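Dear colleague,

I am passing the structure below on to you, together with some notes on what was found in it. Please read the notes with the coordinates open beside them.

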Amino acid sequence: MTKSKKNIEDIPLPHGEAFKEAWADWLEDRAERKIPVTYNAAKRQLKLLGSTTEELAILMIDKAINNRWRGIFPLKDWDIPAKPNIYV
């Protein structure tokens, strides 16, 4: 009995096109650093990223790439850009 290899590309992405590009950047960064992303790790990361807005998910990926982290983590309060005050 042979095990079928699970493919990361088969995991549904939780957000739109901008997220898809950021996720591809994350996978490329990890590949360039020769740190593979396992199927289970990708599934968990996408679950975390899907639990927030697309904008925040992209910020989380960007921060992980910029800091050369091996994982993706929730943002701290100070990492989240303030919403502009709009006075009517």
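Read along the sequence, the protein follows the pattern α-α-α, with three helices and zero strands, where helices (H or I, at least four residues) and strands (E, at least two) are DSSP runs numbered from the N terminus. This is a predicted model, in which local features need pLDDT of at least 70 and side-chain atom pairs count only at pLDDT 80 or more, while totals for chains, interfaces and linings use all residues. Residues are numbered from 1 along each chain as its sequence is written, and side-chain values use heavy atoms, with hydrogens and water left out.

Of the 88 residues of the protein, 26% count as buried; buried means under 20% relative accessible area, exposed over 50%, and partly exposed in between, with a 1.4 Å probe and protein chains only.

On the aromatic side, rings of Phe, Tyr and Trp (its six-membered ring) are taken to pair if their centres lie within 6.5 Å, and planes under 30 degrees apart count as stacked, over 60 as edge-to-face and the rest as tilted. By this rule the count comes to two aromatic pairs. The pair of Phe 19 and Trp 23 is stacked because the ring centres are 6.5 Å apart and the planes stand at 10 degrees. Both Phe 19 and Trp 23 belong to helix 1 (residues 17–32), where they are four residues apart, about one turn of the helix. Phe 19 is buried, at a relative accessible area of 0%, and Trp 23 is buried as well, at 5%.

Trp 69 and Phe 73 form an edge-to-face pair, with 5.4 Å from centre to centre and 75 degrees between the planes. Here Trp 69 counts as partly exposed at 29% relative accessibility, and Phe 73 counts as partly exposed at 42%. Phe 73 is placed in the segment after helix 3 (54–66), and its C-alpha is 8.2 Å from that of Leu 48, although Phe 73 and Leu 48 are 25 residues apart in sequence.

Turning to charge, Lys 6, Lys 43, Arg 44 and Lys 47 form a positive surface patch. Such patches are made of residues with over 30% relative accessible area and no salt bridge, like charges being joined within 9 Å, and a salt bridge is a side-chain nitrogen of Lys or Arg within 4 Å of a carboxyl oxygen of Asp or Glu.

Note on methods: Patches are made of residues with over 30% relative accessible area and no salt bridge: like charges are joined within 9 Å, nonpolar side chains (Val, Leu, Ile, Met, Phe, Trp, Tyr) within 5 Å. Accessible areas come from the Shrake-Rupley method with a 1.4 Å probe; for residues, only the protein chains shown count as cover. Lys and Arg count as positive and Asp and Glu as negative; His and the chain ends are not counted. The place of a charge is taken as NZ of Lys, CZ of Arg, CG of Asp or CD of Glu.
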